[in-house]
Amino acid sequence: MTCDLTSPTVCVVMAVFRPHETFLQKQIGSIAKQDHLDVNVLFVIADQTSELLVRTLADTAGLNYRILVPPAPLDAVRAFEVGLQEALSFSGPDTLFALSDQDDIWRRDRLSKGVTAIRESNADLVHSDARLIGQDDEVLHPSMFAYEKRQKRPRLRDSLYRNTVTGMTVLMRRRLVEIALPLPAQSGVHFYHDLWLGLIAHCSGGVHLIDEPLVDYRQHGTNAIGAVDRSSGSAFFQPSLTWLRREAASYGLARYLAKSVVLRMHEVIAAKEAEGDGEKLLPLKPYLNRLRGAGAHGLDAVRLLLAGHRDLALTAATFSVIATGRVVWSVRRALGDGLTEAVTSFDNRLYSLSPGLPPGDRRSEQSPERVASSYTGIIDQRKLLRWQPEFSSDRPAVNVLVPTLNPTEIFAGIVTAIDIGLGLAERGHDVRFVATDLPISSTGVSRDFILARLQERTCANGSAERITLVCGVTRRTIEMHRDDAFIATAWWTAYVAQKAIRSHGFHQSQFLYLIQDYEPAFYAWGSEFADAKASYEMDFRPIFNTTLLRDHFAEQGFAFATPDAWVFHPSIDVTRFAHSASTLRSTRRRLALYGRPEVPRNMFSMAIEVLAKFIEEEGLRDDDVELVSIGLKHNSVRLPNSIILKSLGKIPWDAYPNYLSEIDVGLSLMLSPHPSHPPIEMAAAGARVVTNGFATKDLSVLCPSIVSADASVESLVAALRKAWNSGPVSEEERQIDLRRIGDPLDEVVSKISLELNRRLVQVDHP
């Protein structure tokens, strides 16, 4: 498709998030003064609060602009994605697109030089160098490319070693934006939009560098990314678990992006929407092969080292090592211990038939030391205190012990622990999140993920500055204060808290214990069951997730489960689901199962049996019911009368409420005293929900549209048939008062804060 670039319209997309007013004013002013005249700006108000400020500054500058306020706060990547999608909807076929940060300053000819370059090079994307400036506009470095030792004309595969395209310098054709959207999904922010745009441009119409600084790139404490000084170089080999995990994460991201680019471009090429063919994708082949690719990365390392790019050579060499390790690990899994164990097991079954015993090994009988295993590999490592406190901190902090701080490994229970820590930081406490089980892949990504959960109102009071992240797996020492407090969040972290307090003389002898389930029940009778149960005999103050769970502990005879214990209800935004419009279809109604086969307490096999009997007893056909499973992805299931249960996996967060509003009946099981969220969310969205009771748990107390039955096939089938044959859910029936099972978490955090302050006073004035 040819475009008229004699005098094109340029649409600038700017993401605005808690801006510095002076910086924003200067950037808006620099856009208004561009010597390319046909410019309009789309402001994406990513913080949902800066619209008035933006309108005032844009009107004063005389900009032609639009405002987009998303329904929820957005990070930088999502804000630019939403902004570009919106810009496409009102822009013409010849429009060019630029991206803008909120606090930089553009040179007057930033857009005009970009237009000339994109016309003359015929590239899909052009970008430029930038000067680095400080908070007072002082020049810190004349060239971002020189400062970061960037390649000026990298190959496609080199871009996956390190991105060289910076979003606030780009100008793009419409066809590139159309191909690139939507961006591949990610949990947290592991890659930025400019990397994806650059990769797609490499594979479509090409990338062109304007080798001069057209933007002043402001460096300050709240940059989303910021420039990185690479003048000091890096060690060529860092043999540590942290290093391996970090580099493996980088390699995993590169493989993910490479495969995503190939899939996207194959779709485009098949639709004849892009110039070129699959030849441009060949450099990505090392990421696509199952067992090959290490050699290509190794050759890249040599090439880059000879070209003087030592850091890039290190990255390529590391990718080669990890790719080799991936193959070795896979082969060993396929042909090594797993094969030996399988064959040995089969032979032992044969020997059990005749003669009844396996043959003896005289060598192992004579040399038992050759097969002896160290005891350290047998005991549960999670219970160990793998770091030592170094009492050098000048202020006490609250140490929140969580198994992991990697966004992709964080689920509901850890999110609650994080929210408690954030709430304490909002109330003036220093909070230290300590990862006890797994190394932190990227501290920056983890910190961004956690801080994104801070409330808007608390950002101005310095809450973020009171929060630190520490890896308790790789750090030998952690700076602490003897008045520090500890919050355990899983049974093994209770052991870590107790050992830290007893071994190192912390003044606060009692830790806080966030109890979100009866954890011994997660295991068969054995060591883990015993260890989890024994953690309830330690010296702690409990924080219960719901009165239902507290009452279960009381029934089990635990003295700490008292009526005055801290108890909070699940942090479910009921209004988010209640605002969705519920409808009851007269034909082919939808029944949704919360299906998680890998999680025993969600009783997937019983749920399938219940659905099968329900279909048979109701005499349902495919025209009567649509069966879907949401939760974890699994294979489709063929039920009676050839009805198929289709697995949708996890529904995207922003689409979840509307999807639930289209459900007539829900089935969600949980064999635990802790209430799971899906039954409550389904009921709030207007569905009739069948779940099971357990001990003191009865979710039907929350609202009439929830039916709680015994955890048996017969009882659940009867409850499901009753729900199916009931009328539409009324507004009264879907009203849910979560206070019936606990206080709001925010109120409980306030009580915890008062208790921690009281303890500090007692320590200072015994």
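**Close-up views of a predicted model**

Figure 1. Helix H12 (310-335) and helix H13 (337-353) each supply at least two residues of the nonpolar patch. This is a predicted model, in which local features need pLDDT of at least 70 and side-chain atom pairs count only at pLDDT 80 or more, whereas totals for chains, interfaces and linings use all residues. Residues are numbered from 1 along each chain as its sequence is written, and side-chain values use heavy atoms, with hydrogens and water left out. Val331, Leu335, Leu339 and Val343 make up the patch, which covers about 340 Å² of surface. Helices (H or I, at least four residues) and strands (E, at least two) are DSSP runs numbered from the N terminus. Patch residues have over 30% relative accessible area and no salt bridge, with like charges joined within 9 Å and nonpolar side chains (Val, Leu, Ile, Met, Phe, Trp, Tyr) within 5 Å; a salt bridge places a side-chain nitrogen of Lys or Arg within 4 Å of a carboxyl oxygen of Asp or Glu. Areas follow the Shrake-Rupley method with a 1.4 Å probe, and for residues only the protein chains shown count as cover. Leu339 belongs to helix H13; its relative accessibility is 41%, so Leu339 counts as partly exposed (buried is under 20% relative accessible area, exposed over 50%, partly exposed in between, with a 1.4 Å probe and protein chains only).

**Figure 2. Seven parallel strands form an open sheet.** The strand order is S13-S12-S11-S15-S16-S17-S18. Strand S13 (467-471) and strand S18 (566-568) are the edge strands; each has a single partner, so one side of each lacks a neighbour in the sheet. From one strand to the next, the twist averages 20°. Three bridges link strand S17 (residues 540-545) to S18 in the parallel sense, where two strands pair if DSSP finds at least two bridges between them. Asn545 faces Phe568 of S18 across this pairing.

**Figure 3. Helices H17 and H19 lie across strands of the sheet.** Helix H19 (residues 547-555) lies across S16, S17 and S18, at about 130° to S17. Axes are lines fitted to C-alpha atoms, for helices over the stretch in contact, and angles run from 0 to 180 degrees between N-to-C directions; contact means heavy atoms within 4.5 Å. The buried residues of H19 are Thr547, Leu548, Leu549, Arg550, His552 and Phe553, and their cover includes S16, S17 and S18. After H19 comes Gly557, with a positive phi near 90°.

**Figure 4. Strand S22 pairs with S20 and S21.** Strand S20 (residues 625-631) is joined in parallel to S22 by four bridges, and Val628 stands opposite Lys646. Strand S21 (residues 637-639) pairs with S22 in the antiparallel sense over three bridges; here Arg638 is opposite Ile644. In a regular strand, side chains alternate between the two sheet faces. In strand S22 (residues 643-649), Ile643, Leu645, Ser647 and Gly649 form the covered face, while Ile644, Lys646 and Leu648 form the uncovered one. The hairpin of S21 and S22 has three residues between its strands, and Asn641 takes a positive phi near 60°. Asn641 is partly exposed, at 30% relative accessible area.

Figure 5. Most residues other than glycine have a negative phi, and most peptide bonds are trans. The relative accessible area of Asn122 is 44%, making it partly exposed.
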